[in-house]
Structure formats: C-alpha cells, structure tokens
Amino acid sequence: MGRNIYEKILARASGKEDIKHGDIIWFTPDLIGLTDTGWHGHLKFFEQIGLEKVMKPEKIVGAIDHCPEQIAVPEGAENNKIFREWAKKNGVVNFYDIGRGGLLVQVLAERHVRPGMMVLPGDPEVQACGALGAFIASGDTALAMATDRCYIEVPEFVKCKVTGRFQGGVLSTDLKRKLLGDFGEEFGKFIEFVGPTIDKMSIDDRMNLCSLLYMSASLGIIAADQKTIDYVRSRTKEPFEAVRSDPDAIYAATFEYDVSKLEPQVSFPPSPNNVKAIAEAEGIEIHEANIGSCASGRLDDLRIAAQILKGRKVHPRVRMYITPVSQEVYLNAIREGLIAVFIEAGAGVCLPACGTCPGHTGQLAAGEVCIATTTGNNPGRIGSREAKIFLSSPAVVAASAVEGKIVDPRKYF
Amino acid sequence: MEKIIKGKAWKFGHDIGGDADVLPFRYFLEQIGGVPIEKFAFHAMEGLNPEFGKEVKKGDFVVAGRNFGCGKCHLGVQALKALGVGAVIADSVAKGFLRGSINDALPILISEGVSEKIKQDDKLEVNMQTGEIKNLSTKETFRAEHGIPEGHPLYPIVEAGGRVEYIKKIVDQLKKA
C-alpha cells in the first residue's frame, strides 16, 4: 500500500513502518529550532530536570528573532543574555545572534533544513520550511533536547491539488489566506500541496503558502522537486533524500483549487480566519502598512512591493514598515535596488525580526487601521484594542500604502 | 504510582466541560499573571459543587458520567492534581482531557456505567494497578480500565509520575552512562 510523504519521513525518523491516524509515535528529530522567547522559564526547567548539557547540540538551531531589538518589555536584555550564555555553554554552534541571521524560519531554510528531515520547530513560524519537503513536527522541544526523542500524534493527511495561473498581483499568499478562511481555525490536518501551480511557484512563494499559522494543529508540505534540490544544493553538500509520496498514497480527503479566478484575499479583524475577497475591503482608510513576518517578507515579497512602490510615494496619512525576514534577504534586496525604492517612497526599513507582527514595532493608536502581511489580527495585538488590523499580501499592502486605503493591487499589473 | 488509594467520592454528571466546569477558564488568566496553580485550584468544579474545592482531601476521587472534561481544557488536569485528587473515575473521558492527563500523571479510570455504582460521599478503595474499585459504602466491587494503560506509547511518562519526572529520570540515566 502506498504511503504519502509525511508517513515516509515519520517512518524513517521513528523506525516504525505501520503508521495510522490517531497513533502516538516516538521519533528522533533531525533538527530542533529555538527562538528567544521564555528563557527565564527554560533555564528554571532545565535546572528542575538536572539537564547540564543537551544531548545533541549539533541538531539545535537558535535565533534571536522575537526580540533582537532587546526592548525593555516583554523580553529584553536579561532574557537574551540567558539564551546566549546557555547556547555557548551547551555547544550550540548554530546560534544566530543579532545581525547575523534573522527569523529562525528563514535561517533554517537558508542554511539547515533539507528535504526528508524531521524538524522540531520550537515555534510555529518554522512551518514555512515544509515547502522544502521537510516534516515540521510540533512537539515537546525540552524533551527532545534532553533525550533526543519526541512523540507525535498522527493526524489525518489530506491532499490539496492546485491548478490554474495566478492573475497579475495575486500571490500564493492569497491562496493560503483562502485556505485559512475555507478550512477554518480548527482544521487540524496535514496537507500535501501538489499540482502544476505548485511546480511553477518559487521557493519563496512555496514557503509563504506553507505558513499556515491560525489553522491550529495543521501543516503544509511540498515534496522536493528539481527547484528545491537546486536551492538546497546551492547552500550545502550534506546528503538528503528528496522524499515523494507514492502514486497510490492514501489521503483522508483531496481538495482542488483552481487559482485562475482567485482574487486577492483579506483577513478582517478579529481573526485571521475571517477571510473575505478584496472587494469587501476596498476603500477602508489606513494609517499603517506593514510587510514582513515568517509568513511574508521574503525576497519575492519585497520585489513585488518594490514593483508597486517604484516611482511612487507612501500616502501622507500612512506610515510603512518593511521588514526583510533575514540579513541575507536584506542584503539581496539592497543589491537589487529594492531598499532604495522603499526609502525613496517614504517607507521605513527594519532590522530582521518578528517586529511589526507582535507589535514590538509600529504600535497602533485608538481608531487607527493597519494592513499587514503579518500573521495575527486579534484586537489589541499591536497596541490599542480600538485599532483594526487587516491581513493580506504584500501586493495589497504596497498598493494600499500608496493610495492611503485598502485597494485591489491587480490594476498595478 | 501508589498501589491502593482510599478516599471519598465526589459525584458529578455527564458532559462536564474542561474550561467550563473543571477549572473555569477565567481562573486560567491568574496563571498568566504568574500565580501558581496551588493558589487558585480550589475554584475547581465550583459551578457544580461549591464545597468541592474547599473540602476535597488528598486521595479523594472525582466520579463522573460520560464525556468528562469535554471541550477545551487549559488547567483542569493541573487543578485536580494540585488538589490531590487520587483519580478521575468516569464512564468515559474526552480525548483532549485524557491526553492532557499524561504530562501531570493524573490517573484516569474508565468503565461504562461505573457512575451508576457510586454516589456522592461513598467511600472507595481503589487498586491503582489492577483498576479494581471497592465501594466500601455499598459493599460492591467492580473494575475499571486505565485511560492510559501499560502499553500506551506515553505510559512511561505516566509511570514516571509525569513529564518532569520522566525527563529527569532519563537525564539521570544518561549522566550515569
């Protein structure tokens, strides 16, 4: 009987051939991700369990990305100091301090994740790495660091077949947002994305599609093809297996999406799953426009924003924050002249960080409206509870920044 | 795990909700403020029996009907554990609550129809290894199954006494190796 890509990767990592929905399976992870959140608590816990040194420090990848600004609240200099010192003491060589990496998800993609790997994310932002054909298996990170083992409860696996050609100005992020609306917050299934539209997507667009935060207990994966192999090979000589689903693999359900008529999508407050087509948001005046986060802010996102902003100005009422997701993306954007476009348009460009997503940067005052490519929009997330946050693609955000209100970006293409 | 636990039965009905009843969700917010669970666990079940949180003794039992702990459950398991509840005995237990019981090693005993054999204040003697329940007040004896039995992939965590104890045990073993 055929197996899908998730089952194959889990079988290798666990040594278990028979994998069924509902099973709880112990496995050995290939990589463990860590961000800079909660290190006072982590240190206390390690003391409680008597963990003096992690088992396999070479598997750990750490990045300071929630608070690289080292602001006073909520985490700050003390927390990051604990993380830094702990990493050094434990021999964690893959530690990306401020100025050297960026968001954990991006440094993992740029330097560590390979197809066929079983990755413990440490933070849901890492989901986007499913685009590289790796299994991003959420689980007990402390357990894995102390024992080199972890467990997962096997969910249902579904297939999402994507066909059709995106209209100009419509992106993979819009498809992702459509799924957030259609499948809802409680989806709880692991998706394999297939189809000619997926084949044509860039690595950046695939990563944006697999960033499924706010579909809880859900995941996306795209089996490695030549594009993935070329991307990974350009960065490492380490071996990997480009695992693919068997032709007769079994899925609990198959969904088909033809994107040729897909319109830009917007998540309305109060939740990312409150999704409507752009027409319903058009005309809403905005005060802040943000591009960035683990869901967006990759080079392709910056390119499309620059396409719209080139030769234009950010609307006088609007402040715009653009956050590349890593130093590498930032440098490439400089080399391509994108950063100059942003500055000339009157946008602010930020240090790679979660930044505007959790509201460490760019808080909103009462009555203000923000449109962003970031992941969350619950009231009060980025400042006043009386502010409104709409979520959409970088094309929508850039076009809206120019016009001072939410607009359909397709006219710019 | 202790072999024999003796205690009083605290009887509840069917479909007891995790965040709704076991520990009302609003008290979860106290933990976010850094308050330890021991300080507010006494609110457990207060909507159904206001005496429970105040009078429950270590080794007492929560006895319920079907679908115990249904819906979302943030701190229900931890609250019952902090109050010293010896075990939850129920006709059936919600899947999420059962999963949640593992990391805190809250024993769960399940047997269809068991709730009809126990009433409020009955004195129970439970053999935690065999699942045998002696109702000392009615003189009846019956058996229940562990919700997380030996052979379950996560039984080692329950057997060790919970997540912290389990990891600590392995860390100690690895240090000696």
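How many of the 12 residues of helix 6 of chain A are buried? The count is 9, so the helix is mostly covered (buried means under 20% relative accessible area, exposed over 50%, partly exposed in between, with a 1.4 Å probe and protein chains only). This is a predicted model: local features need pLDDT of at least 70, side-chain atom pairs count only at pLDDT 80 or more, and totals for chains, interfaces and linings use all residues. Residues are numbered from 1 along each chain as written, chains are lettered from A and ligands numbered from 1 in written order, and side-chain values use heavy atoms, without hydrogens and water.

**Helix 6**
- Helices (H or I, at least four residues) and strands (E, at least two) are DSSP runs, numbered from the N terminus.
- Buried residues of helix 6 of chain A include A:Leu175, A:Leu179, A:Leu180 and A:Phe183.
- A:Gly184 follows helix 6 of chain A, with a positive phi near 80 degrees.

**Aromatic pairs**
- The whole structure holds 20 aromatic pairs over all chains.
- Rings of Phe, Tyr and Trp (its six-membered ring) pair if their centres lie within 6.5 Å; planes under 30 degrees apart count as stacked, over 60 as edge-to-face and the rest as tilted.
- A:Phe183 and A:Phe255 form a tilted pair, because their planes meet at 50 degrees, with ring centres 4.6 Å apart.
- This pair links helix 6 (residues 172-183) to strand 11 (residues 253-258) of chain A, 72 residues apart.
- A:Phe183 is buried at 14% relative accessible area, while A:Phe255 is partly exposed at 24%.
- Ring pairs also join A:Trp39, A:Phe46, A:Phe83, A:Trp86 and A:Phe95 into a cluster.
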